[in-house]
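Here is a short report on one protein model. Please look over the sequence and the structure first.

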Amino acid sequence: MTGMEKVSMRLAQRLKTEEMPYSVGTLAHGIEIFLFNLVSLVAICLGSLFLNLFKEVIFFFAFFYFFRTITGGVHLRSPWTCLLATLVLMLAGGFLIKHFPILSAPYAQLFILAVSGLSFGVNYRHAPAAHTYAPDKPAIQRRNRLMILMMILIGCTISIILVGYTYQLSMTYTFAILLQSVLLMPSSFRLLARLEKTI
């Protein structure tokens, strides 16, 4: 049992009452997920502050996380490896956004349209991805797919309209949905499975 699991179990035992419909194990698991997400957020904030990328990383993370909670995607088995991978991806995304060349409005709009079109296709075909916490009811999956596709269309339209005013925010949205889409592709699942076998 890891340190976080022990802390979560102790907290769950203290919080559990007779009236609660959840077992101590279920509560402990929920607390562990909350604590892990909190540690991840703190690590991302500290890493982005250290690299002077705070604004870029936070917006990138917010867009990415919003889409990923609806669609799911590739997951690592170890929470600490997942934390490290998330930290690297978010910092790399922030760095890319900060240093991405400024394109003229028509080229930026074409770029946003192309990435959004690609992301729409990937999400149409593969979202939502099957994972532990995703509902497996077909009606909910269809609803989530429709929701994500509508969000991509609306976000793409807003980003294209506002690219002349908020260039960096438009590009942040574009790169966030690109990363979210890449992590939905079956090739990402296969690559990660191979990597986890070799590590």
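Where is the place of Met-4? Met-4 sits in helix H1. Helices (H or I, at least four residues) and strands (E, at least two) are DSSP runs, numbered from the N terminus.

The model is predicted: local features need pLDDT of at least 70, side-chain atom pairs count only at pLDDT 80 or more, and totals for chains, interfaces and linings use all residues. Residues are numbered from 1 along each chain as its sequence is written, and side-chain values use heavy atoms, with hydrogens and water left out.

**Overall fold**

The protein has eight helices and zero strands. Along the sequence, the pattern reads α-α-α-α-α-α-α-α. The C-alpha trace spans about 60 × 45 × 40 Å along its principal axes. Of the 199 residues, 36% are buried. Buried means under 20% relative accessible area, exposed means over 50%, and partly exposed lies in between (1.4 Å probe, protein chains only). Contact means heavy atoms within 4.5 Å. Among contacts with a separation of 6 or more, 78% come from residues 24 or more positions apart.

**H1 against H2**

Two packed helices are described by the angle between their axes and the distance between the axes. The axes of H1 (residues 3-15) and H2 (residues 24-50) come within 8 Å and cross at roughly 130 degrees. Axes are lines fitted to C-alpha atoms, for helices over the stretch in contact, and angles run from 0 to 180 degrees between N-to-C directions. H1 and H2 are therefore oblique to each other. Angles under 35 degrees count as roughly parallel, over 145 as roughly antiparallel, 65 to 115 as roughly perpendicular and the rest as oblique.

Which residues meet? From H1 come Met-4, Glu-5, Val-7, Ser-8, Met-9, Leu-11, Ala-12, Gln-13 and Leu-15; from H2 come Val-24, Leu-27, Ala-28, Ile-31, Glu-32, Leu-35, Phe-36 and Val-39. By class, this contact of H1 with H2 has 13 nonpolar, two polar and two charged residues. Ala, Val, Leu, Ile, Met, Phe, Trp, Tyr, Cys and Pro count as nonpolar, Asp, Glu, Lys and Arg as charged, and the others, Gly among them, as polar.

Leaving aside residues up to four places away in sequence, Met-4 touches Glu-32, Leu-35, Phe-36, Val-39 and Trp-80. Glu-32 lies in H2. With neighbours within four places set aside, Glu-32 is in contact with Met-4, Glu-5 and Ser-8.

**Accessibility of selected residues**

| Residue | Relative accessibility | Class |
|---|---|---|
| Met-4 | 14% | buried |
| Glu-32 | 19% | buried |
| Phe-100 | 18% | buried |
| Phe-111 | 25% | partly exposed |
| Asn-52 | 55% | exposed |

**Aromatic pairs**

The whole structure holds eight aromatic pairs. Rings of Phe, Tyr and Trp (its six-membered ring) pair if their centres lie within 6.5 Å; planes under 30 degrees apart count as stacked, over 60 as edge-to-face and the rest as tilted. Phe-100 and Phe-111 have ring centres 5.5 Å apart and planes at 35 degrees, so the pair is tilted. Phe-100 is in the loop between helix H4 (79-99) and helix H5 (105-126), while Phe-111 is in H5. Ring pairs also link Phe-63, Phe-66, Phe-67 and Tyr-173 into a cluster.

**Backbone points to check**

Most residues other than glycine have a negative phi, and most peptide bonds are trans. Asn-52 is not a glycine, yet has a positive phi of about 60 degrees. Asn-52 lies in the loop between H2 and helix H3 (54-71). A cis peptide bond joins Ala-127 and Pro-128, with omega about -10 degrees. Pro-128 is in the loop between H5 and helix H6 (138-162).
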